[in-house]
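This report is meant for a reader who is meeting the structure for the first time.

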Amino acid sequence: MRLARTPAARTALQTARRIPTTHTATSSPALLLLSRHLHLSTAPLRPAALRTIKPTTALPTIRHGSSSSSSDGPLAKTPLYDLHLANSAKMVPFGGFHMPVQYPSLSVSASHVFTREHASIFDVSHMVQRIFSGPGAAAFLERVTPSGVAALELHRSTLSCLMGPDGKGGIVDDTIITRLPGEKFYVVTNAACREKDDGYFQAEMEKWNGEKGEGMEVRQEQLGGWGLVALQGPEAAEVLGKCLDEGSGVDLRKVLFGQSVYARVKMQGMEVSSGLLISRGGYTGEDGFEISIPAEETVAVTEALLAAGGKEKVQLAGLGARDSLRLEAGMCLYGHDLDESTTPVEAGLSWIIPKERRTADAGYYGAEVLAGQVVLRSKGGTGVRRRRVGLIVEGAPAREGAEIVSRPEEGGEAVKLGTVTSGCPSPTLGKNIAMGYVKDGFHKAGTEVGVVVRGRVRKAVVTKMPFVPTKYWKGDS
């Protein structure tokens, strides 16, 4: 199912107006498109610390809908819900959950800047955390994704896409896959796609287990009710380092982007957490970590991080700042920049397909289509007819749905080239940025185009992404 697409400002204002007054601490409207968190990187270190994973409190049935709108059923609460209210967060429906869009201590843009300069904590517990296990787990994931899952080293992760079983190359959802010890894989998928993904995996597992039988079976567990928090920003490592229990023996300088460790966190008093999966990466383009936490420990771990940094170094941040941060980093939001009509090659994600899997007989759904698309037409392939690009837009910001058009010669008419899928003012650059899809041939950096905003054609230039350089930790230089 394709997610509803609405202009960012209108969506945020509409959702804000639906918020009960008891949940609202500030009257300022949410100005930016609400976003989902692209879980970047995972990979554990200490297999003995991985506890038996069992679903906790069952979540209410969640319909698959817009990532920025409420579901028809009751909204779920993350383990940090009460902490958000205690900090006077503005709460909005998001992916079937009550989620914070911003806090009164900082505006959305100020929170964005604070993250770039210091560190922020984002609640991303609405994401779906899954464990696939069994002797057939790697091969199963290589059927439903184009990634080389079997070749993943322990404690390493990869961005990937769930591929449509119709073989057309469309993206069912984007995901992060991490190899754990013992033929296990940690897979994080989007909250707004929960119902769709649950049905997808159930059907594909039944098909797989029926075909392969004993010796190649695959199983799935969900970490129901668990917390997932993202600590992002240049001071994230310093803050987390103050909280790590010395007995964990973890040197964060040796944990690189795309790797993970198991470690314990010192909480208030003499309390120490269980072994937590701590992954270096995130959705903001900054250095940072994502921490998977049992529900009963999520508040205490989050409060420990806040106390370790103090307000000068770390603050809570909401989905408003998260969206502008991820857009500056050139990252996609499923249901907007990616959907079932989009292929990974069109989306500029060819790099997730290993060289050895770029053949028509690679065995994953859509392999034949993607094998043709990765080769340019001039070199005998099919290529693609459209490509995802970044844009710098003059004048008013271009929002989702705005038409991208050609710059006509004097007296000529503009021709539609594509559509904006995400857009907002960039607090870092002080310019209006956007991403979208344009016809092949108009995708090269420096190409001048137009974007129709409020009935007027605004000048725009195709720009390389990320708009802001990423600062992932890749070791001492």
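## An enclosed helix

In this predicted model, helix H8 is largely enclosed by the rest of the structure, because 10 of its 10 residues are buried. Just after H8, the chain reaches Gly-330, which takes a positive phi of about 70 degrees.

## Salt bridges elsewhere

Side chains of opposite charge can pair when their charged atoms come close. The count for this structure comes to 21 salt bridges, and one of them joins the side chains of Glu-238 and Lys-313 at 3.5 Å, N to O. Glu-238 lies in helix H6 (residues 236-243) and Lys-313 in helix H7 (residues 295-313), so this pair ties together parts that are 75 residues apart in sequence. Glu-238 is partly exposed, with a relative accessible area of 36%, and Lys-313 also counts as partly exposed, at 22% relative accessibility.

A further salt bridge is formed by Lys-266 with Glu-246, where the closest N and O atoms are 3.2 Å apart. Here too the pair links distant parts of the chain, 20 residues apart, with Lys-266 in the loop between strand S11 (260-263) and strand S12 (276-280) and Glu-246 in the loop between H6 and S11. Lys-266 is partly exposed, with a relative accessible area of 28%, whereas Glu-246, at 61% relative accessibility, counts as exposed.

## Aromatic rings

A pair of aromatic rings is described by the distance of the centres and the angle of the planes. The structure holds five aromatic pairs, among them the tilted pair of Phe-132 and Phe-201, with 4.9 Å from centre to centre and 55 degrees between the planes. This pair links distant parts of the chain, 69 residues apart, as Phe-132 is in strand S5 (residues 128-133) and Phe-201 is in helix H5 (residues 194-212). Phe-132 counts as buried at 0% relative accessibility, and the value for Phe-201, likewise buried, is 0%.

Phe-132 and Phe-201 also belong to one aromatic cluster, together with Phe-140, Tyr-200 and Trp-208. Over the face of Trp-208 lies Lys-212, at 4.9 Å from the ring centre. In another such arrangement, Arg-386 lies over the face of Tyr-437, at 4.5 Å from the ring centre.

## Cysteines without disulfides

How many disulfides does the structure contain? The count comes to zero disulfides. A disulfide is a covalent bond between the sulfur atoms of two cysteines. For Cys-332, the closest cysteine sulfur is that of Cys-161, at 8.4 Å, which is too far for a bond. Cys-332 is buried, with a relative accessible area of 4%, and Cys-193 is buried as well, with a relative accessible area of 0%.

Terms used: Residues numbered from 1 in each chain as written. Predicted model: local features only at pLDDT ≥ 70, side-chain atom pairs only at ≥ 80, totals over all residues. Heavy atoms only, no water. Salt bridge = Lys/Arg side-chain N within 4 Å of Asp/Glu carboxyl O. Helix = DSSP H or I, 4+ residues; strand = E, 2+ residues; numbered from the N terminus. Buried < 20%, exposed > 50% of the residue type's maximum accessible area, 1.4 Å probe, protein only. Disulfide = S-S within 2.5 Å. Phe/Tyr/Trp six-rings, centres within 6.5 Å; stacked < 30°, edge-to-face > 60°. Lys NZ or Arg CZ within 6 Å of the ring centre and 35° of its normal.
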